Amino acid sequence: MNMTDSKHDELFCANHPDRATMLRCNRCEKPICTSCAVQTPTGYRCRDCVRSQQKVFDTAVGTDYIFGILIAGILSFIGSYIVTFIGFFTILLAPVIGTIIAEAVRRAVKKRRSRQLFLYTTAAAVVGSLPVLLLMLLRPNLFSLLWQGLYTFLMASTLYYRLSGIQINR
Ligand SMILES: [Zn+2]
Ligand SMILES: [Zn+2]
């Protein structure tokens, strides 16, 4: 089948045969409609190609998840304990702790990576910061609760950003 011999040849999306389209995946060349196209730094691609490309970058192995979760949980717990003493300086310290956790995890997993690993690691860091926060609830003090909450948020968002910010396909 030759699709290029006539300008009047209409293309139809490979996933939605009822949708005419002008787009093709720039990797496998199959026609895709706008809702199937994913914009990548190198042009429009179909979801299958994006997914298989993603797998190449997902290098994490089983033990990486255990390391990531343990390191993030423990360091985050230590950080949340420190926060109980420093009040306002939480704003400065929380991102530093997030960065330290990210570096520690990256070293432990030898820079292997996957989106799940980043998500689990960040979730473990959030969970690790909760025991101190829950203890705070026993003798509520608005400010210490505020700093703990801020710690969890700043530390976890820095951690996730640091882990995933080194992606090749951003
Ligand atoms: Zn494709
Ligand atoms: Zn489509």
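In which helix do Y81 and F85 both lie, and how many residues apart are they? Both belong to helix α2, where they are four residues apart, about one turn of the helix. The structure is a predicted model, in which local features need pLDDT of at least 70 and side-chain atom pairs count only at pLDDT 80 or more, while totals for chains, interfaces and linings use all residues. Residues are numbered from 1 along each chain as its sequence is written, chains are lettered from A and ligands numbered from 1 in the order in which they are written, and side-chain values use heavy atoms, with hydrogens and water left out.

**Zinc site**

- The zinc ion (ligand 2) is coordinated by C13 (SG), H16 (ND1), C33 (SG) and C36 (SG), at 2.0 to 2.3 Å; donors are N, O and S atoms within 2.8 Å of the metal (3.2 Å for Na, K and Ca), and sites may look incomplete as water is not among the atoms.
- The arrangement is tetrahedral because the four donor atoms subtend angles of 101 to 115° around the zinc ion (ligand 2); four donors receive this label if all angles lie between 85 and 135 degrees.
- Along the chain, the donors follow the spacing C-x2-H-x16-C-x2-C.
- C13 lies in the loop between β1 (11-12) and β2 (20-21), and C36 in the loop between β2 and β3 (38-40), so the pair ties together parts that are 23 residues apart in sequence. Helices (H or I, at least four residues) and strands (E, at least two) are DSSP runs, numbered from the N terminus.

**Cysteines and burial**

- C13 and C36 are both buried, a term for under 20% relative accessible area, with exposed meaning over 50% and partly exposed in between (1.4 Å probe, protein chains only).
- C13 has a relative accessibility of 3%, and C25 is also buried, at 1%.
- A search of the whole structure finds zero disulfides, defined as pairs of cysteine sulfur atoms within 2.5 Å.

- D64 lies in helix α2 (residues 62-86) and is buried, at 0% relative accessibility.
- Leaving aside residues up to four places away in sequence, D64 touches V109, R112 and L117, where contact means heavy atoms within 4.5 Å.
- The whole structure holds five aromatic pairs; rings of Phe, Tyr and Trp (its six-membered ring) pair if their centres lie within 6.5 Å, and planes under 30 degrees apart count as stacked, over 60 as edge-to-face and the rest as tilted.
- The rings of Y81 and F85 have centres 5.4 Å apart and planes at 90°, so this pair is edge-to-face.
- Y81 is partly exposed at 49% relative accessibility, whereas F85 is exposed at 60%.
- Ring pairs also link F88, F89, F143 and W147 into a cluster.

Notes:
Tetrahedral: all angles 85-135°; square planar, octahedral: opposite > 155°, others 65-115°.
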